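Subject: Handing over a structure

Dear colleague,

I am passing a structure on to you here, and below it you will find what came out of looking through it. Please open it beside this message and follow along as you read.

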Amino acid sequence: MKAEQPAEGISKKAEYGDAFWYEVPCECGDPDHYHSIWIESDNDPKLITVYISTEATTDFWTQTVPDHIEKIDLPFVSWIWQTISYTINETVRRTRLITRILFRGYTKYESTVILTKQQAYNYSKALENAVKELERKHDVLHDKSIE
Ligand SMILES: [Zn+2]
């Protein structure tokens, strides 16, 4: 399998003299799971920096109160229960996050991006090409070809 040109599942958002910006969406379709990739070259010291950022959410799977109760048969009552339990659970999750940040100065998140095989190849190739291109630009700027 080879990386494609143009690449499926990866898009170039912008290109600057010393940086490339790509975006990689998650296969599940959730817009919060994307990777935003910023590849930048620094001239002194000669360094290529790759920033990968993604959205992090609350740990939505933890439940302080159950979000569903089997015994509730009436759809309206069930809806009211789900609304109340969602509000309680989300408030607890957010409060926990805020408290951790407040007292520890950081918190841990988990984020997953699901890629197709092709997308993974394209992802790695985009990184490789961006680094090569930035190095080429750097060399042109510093006339490395003449030395
Ligand atoms: Zn996803």
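**The sheet, strand by strand**

In strand E4, Leu-47 is the bridge partner of Asp-42. Before going further, please keep in mind that this is a predicted model, in which local features need a pLDDT of at least 70 and side-chain atom pairs count only at pLDDT 80 or more, whereas totals for chains, interfaces and linings use all residues. Residues are numbered from 1 along each chain, as its sequence is written.

The protein has two helices and four strands, where helices (H or I, at least four residues) and strands (E, at least two) are DSSP runs numbered from the N terminus. Read from the N terminus on, the elements follow the order β-β-β-β-α-α.

The four strands form an open sheet in the order E1-E2-E3-E4, with antiparallel pairing; two strands count as paired if DSSP finds at least two bridges between them. E1 and E4 are the edge strands, each of which pairs on one side only. In general, strands of a sheet pair through backbone hydrogen bonds, either parallel or antiparallel. Here, E2 and E3 pair in the antiparallel sense over six bridges, and Ala-19 stands opposite Glu-40 in E3. Strand E3 (residues 35-42) also pairs with E4 in the antiparallel sense, over seven bridges.

**Burial**

Strand E4 (residues 47-53) is hardly covered, since the count of buried residues among its seven residues is zero. A residue is called buried if 20 or more other C-beta atoms lie within 10 Å of its own, exposed if 12 or fewer do, and partly exposed in between, with the C-beta atoms placed from the backbone. In the protein, buried residues make up 10% of the 147 residues.

Tyr-16, found in the loop between strand E1 (11-15) and strand E2 (19-24), counts as exposed because it has 9 C-beta neighbours inside 10 Å. Although Tyr-16 and Leu-134 are 118 residues apart in sequence, their C-alpha atoms are 9.9 Å apart in space.

**Overall form**

The C-alpha atoms of the protein fill a box of roughly 80 × 40 × 20 Å, taken along the principal axes. The domain assignment gives domain 1 (11-56 + 110-141) and domain 2 (58-108), with bounds that come from an automatic or database domain assignment. The C-alpha centres of domain 1 and domain 2 lie 35 Å apart.
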